[in-house]
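Reader: I would be grateful for a close look at one part of this structure. Please set out how it is arranged and which residues are involved.

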Amino acid sequence: MNVKLRTIIIALVAFVAMFLLTSEAAPTKGSSTTSNLQLLARAINGEARGEGYLGQVAVGAVILNRVKDSKFPKTIAGVIYQPGAFTAVADGQINVPMAANSTALKAAQDAMNGFDPTGGCLFYWNPATATSKWIWSKTIVKKIGKHNFAIK
Amino acid sequence: MKRRTKKIIGLITVCIAAICLLTYGISASQKAADYRRKIDNSYNRNYFELVGYVQNIESYILKSRITASPEKTAKLLEGAWRSASLASTALSQLPIDQDLLSSVSKFLVQVGDVANALGTQNINGKPMTEEQNKMVADLQQYAKDLSTGLDEMTKNVTSGNWRWINIERSSGKVIGEEAKEAGMQDINTINKTFEKYPTLIYDGPFSDHMSSLEAKGVTGEQITQEQGVDNVKALFPESEISEVVFVSQNDNVNIKTFSYTIKFKDQERGEGSIDITQQGGHPYWMIINREEGEKKLDGDQAKEEGLKYLASIGITDMKPSYYLIEGGDVTINYSSFINGIVIYPDMVKVKISLDKGYIVGYEGKSYLMNHTDRVIIEPKITMEEAREKVNKNLQITSSERAIIPTEFGTEEYVYEFRGNSFDSEFLIYINSNTGLEEDVLIVIQDENGTLTV
């Protein structure tokens, strides 16, 4: 390949790279006012989207159980946005709005109405992927779908 | 074109590209540094607010111990409660692993809760007991120890070498083990202060007795998981069930249960899960997920279906209180109604689908925790005397006797007055022994049901 062609290709690649590296992430849609129900539904969707309905209600119940526990923040938003608590918050999935007829919202409604398939659990993790020694030291109550649920 | 010109054009193109790339690169990294600074500012702000509020907790409690009147004690304890609340919020915004500071979080929540409970007690004219004075002294000492620990940490935070990003990166590490990063040692030291933190029992929702309340409604003999299968099958007409499958035995909870999945012959009936108690085989909760069709039932029909279901599981004498329509279902709250008294702690929720009237949900934790044969205590004041205690602005529309749950696991006998004022509907509860107002609720009604706040 001759020098001129090579130079032009390098220049084009440089331009493209420049744009990719410097474009800011567009602000996520749906970050306007969220009621607790909608927030809970979004957290459920982010954390348990591939899970069955029971698994989704269970994740919602864990969040609400944390609100009532002295070791965690005292509001739903506080629990959900506690730094490091949920990966769905860290990676932005929390900002995907949930439609009124979505399963996640239905699961959030059941959780808010007091349905708790976990029996009071405060923690959950995926045993296939979690490596933290800390989480594995928790007392497991049961497994729902692909998550272990633990109480303390 | 001459070869040399082409070469020059090529060279210039590359130079321009390089300069643009460099410029954008510098600009992007400046933006990143800007964002990092904003985040660090936010962490610093929350950290310093935490330090300030913890000092406030200590001084409010100390003052409350020496002040002359119960009213002033209550006011100072209220200050401690407010500071503890704000300290809690500030702490929860720091990027410190939840588990590393869970004991500090617990302390902050409990100190506020105790302060609130004792403050209320003082306002109601009841003096502090020996034990309560000791509890307050202990809490003051812990506030002081936390303050001292934070002072040490503050020296590091303000030293100029501190990087919040190191704390962020330390998340997930077990306490003590790999905490070599600057700052993690401080956090570990603070944690050690709370190793001997006592069990606190008081009249508040975060008291330690709340996690080990006795489940009064769980009666009967221990059953096997095979017997449980029959219990679950009995909840539905035989023709509907295809299979009930045992899933797990759950022993590590307050109320031990067996979990099952329920498979129906008709796919349209949905798929269900249920937990029943190991002792007595009582349903604890049930969730059936299905696609609801067009609404055919009205509120009264739904309430009847719910009552029929409750009777089938041995729960009688129930009265519907609140309901909520969501999607194609209605969730109805039922409370015990015995001898003319509404017993709210004995509450269950039944979810009924509004197309076919199927039972698609049941929630009975409150009933299992609280239901017993109660010896009804005769009230010390009459309904009329209680009515006098209600704010004169309330236009009372109905009244009834009731038992309501407190936030800390006990029950109170009350008169419930429903009425209107200020364009709102209220429920006011007057204690039928003391005549004191126990609670005020706002009733919010819309086409989907009622809610009380």
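**Chain B and a helix pair within it**

Author: In this predicted model, the C-alpha centres of domain 1 of chain B and domain 3 of chain B are 36 Å apart. These belong to a division of chain B into domain 1 (31-210), domain 2 (225-370) and domain 3 (383-452).

Helix α1 (residues 3-66) of chain B packs against helix α2 (residues 70-92) of chain B, with 8 Å between their axes and an angle of about 160°. An angle over 145 degrees counts as roughly antiparallel, and α1(B) and α2(B) are therefore roughly antiparallel to each other. Their crossing is left-handed.

On the α1(B) side, the contact is made by Asn46(B), Glu49(B), Leu50(B), Tyr53(B), Val54(B), Asn56(B), Ile57(B), Tyr60(B), Ile61(B), Lys63(B) and Ser64(B). Facing them in α2(B) are Thr73(B), Leu76(B), Leu77(B), Gly79(B), Ala80(B), Ser83(B), Ala84(B), Leu86(B), Ala87(B), Ala90(B) and Leu91(B). Sorted by class, the residues of this contact between α1(B) and α2(B) comprise 14 nonpolar, six polar and two charged.

Chain B also meets chain A, in a contact to which chain A gives 45 residues and chain B 47 residues. On the side of chain A that touches chain B, two or more residues come from each of α1 (3-22), α3 (53-67), α6 (103-112), α7 (133-136) and β2 (140-144) of chain A. Of these, α1(A) provides the largest share, 12 residues. This side of chain A has 22 nonpolar, 14 polar and nine charged residues.

Definitions and conventions
Residues numbered from 1 in each chain as written. Chains lettered and ligands numbered in written order. Predicted model: local features only at pLDDT ≥ 70, side-chain atom pairs only at ≥ 80, totals over all residues. Contact = placed C-beta atoms within 7 Å. Helix = DSSP H or I, 4+ residues; strand = E, 2+ residues; numbered from the N terminus. Nonpolar A, V, L, I, M, F, W, Y, C, P; charged D, E, K, R; others polar. Domains from an automatic or database assignment. Axes fitted to C-alpha atoms, helices over the stretch in contact; angles between N-to-C directions. Parallel < 35°, antiparallel > 145°, perpendicular 65-115°, else oblique. Left-handed = near helix turned anticlockwise from the far one by under 90°.
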